[in-house]
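Start with one pair, then follow the others.

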Amino acid sequence: MITIDKNIMFVFIITFITFTASDAADIDPLTIPVLESSRGPSIPAEKGYFVDEIRDGVYWVTNGAYQSMFMTTGKGVVVFDAPLSIGANLIKAIKEVTNEPVTHLVYSHSHKDHIGAAGLFGKQMKVIAHQEVSEILTRVQDVNRLLPTTTFENELELTVGNKTVNLRYVGENHSSGNIFIYLQQQKILMFIDVIFPGWVPFANLGMADEVKGVVNAIDLALEYDFDTLMAGHVTRLGNKEDVIMLKNYINDLFDYAEQARQEISFDAIAQQSGGYEHMWHLYNLYYQAIAQRCDELTTPKYLDKLADVASYTQQNCFWVNMSDDME
Ligand SMILES: [Zn+2]
């Protein structure tokens, strides 16, 4: 029987980790040009925002980092999200294309960066959100995030003038109460902070509260018949291919985190780092090593597909691994 000395084994493993980790660490995101396919329209500097009709009286507004949407109905404007950073420019953008007053504001979820300019619209509108968003906003008491006047649990069909929008909640994902907003006739799906068209997801899979909920929501998003995706961030609108790309990327994160868990030995790291006494230090090294290895395996596959993939894949690996490891 061949026995391998434990110390030799751990030296091999640590050497392997150190060697491969340097590959990912060597990728400087600034040296990789942003992909042409990830770019959106340029933002007029004098205005600070860009507004354009998607189709049939549905418009999107962006400042190059955040996006929101509104639609004319013949009976008033329905606004979907009021991002803090777009602020008063959202009102300017609406006035630029219609004289209809804003009558409804729909929240995608509770986060300040997406609805923190709601207070600018005054209190005469109907504000619609999922009931968990209402509960969160009642707790936080932020005057700039108006409390919803209408809430729902699973689904709400809202008709205003000549347009109908379907609001649906399928469980916690990016956050509690984060909903699908679907315009069937216009083939537009709005789903915020999960898909980042053309770009790597923000840290921790877009700061996902519930990773498995995100995975589930991505599958459900693909069941909708849409050709335009309003995703809330980055530079351009999205489409179904962007959702499929994200699904593949997350599948890879799960697979490569699993591979990393098989390759990396907790005990070997303990021996190399001075034993088990400094427990959190040890756990930190262990989970970092897994995230690094997963990053090395994932990032090269997406360099020509997702902008800035080297910036956040290690954090996305970490989050997916923690979700999988602690299930
Ligand atoms: Zn959010």
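In this predicted model, Glu263 and Arg293 join their side chains in a salt bridge, with 2.6 Å from N to O. The two partners come from distant parts of the chain. Glu263 belongs to helix α7 (residues 240–263), Arg293 to helix α9 (residues 279–302), and 30 residues separate them. How accessible is each partner? Glu263 is partly exposed, at a relative accessible area of 25%. Arg293 has 12% relative accessibility, so it counts as buried, because the cut-off for buried is under 20%.

Another one joins Asp227 and Arg55, whose closest N and O atoms are 3.1 Å apart. Here, too, distant parts of the chain are linked. Asp227 sits in the loop between α6 (211–223) and β12 (228–230). Arg55 sits in strand β1 (residues 50–55), 172 residues apart from Asp227. Asp227 is partly exposed, with a relative accessible area of 38%. Arg55 is partly exposed as well, at 29% relative accessibility.

Now turn to helix α6. Lys212 forms a salt bridge with Asp324, at 3.8 Å from N to O. Lys212 lies in helix α6 and Asp324 in helix α10 (residues 309–325), so the bridge ties together parts 112 residues apart in sequence. Lys212 counts as partly exposed at 29% relative accessibility. Asp324, at 24%, is also partly exposed.

Key: Residues numbered from 1 in each chain as written. Predicted model: local features only at pLDDT ≥ 70, side-chain atom pairs only at ≥ 80, totals over all residues. Heavy atoms only, no water. Salt bridge = Lys/Arg side-chain N within 4 Å of Asp/Glu carboxyl O. Helix = DSSP H or I, 4+ residues; strand = E, 2+ residues; numbered from the N terminus. Buried < 20%, exposed > 50% of the residue type's maximum accessible area, 1.4 Å probe, protein only.
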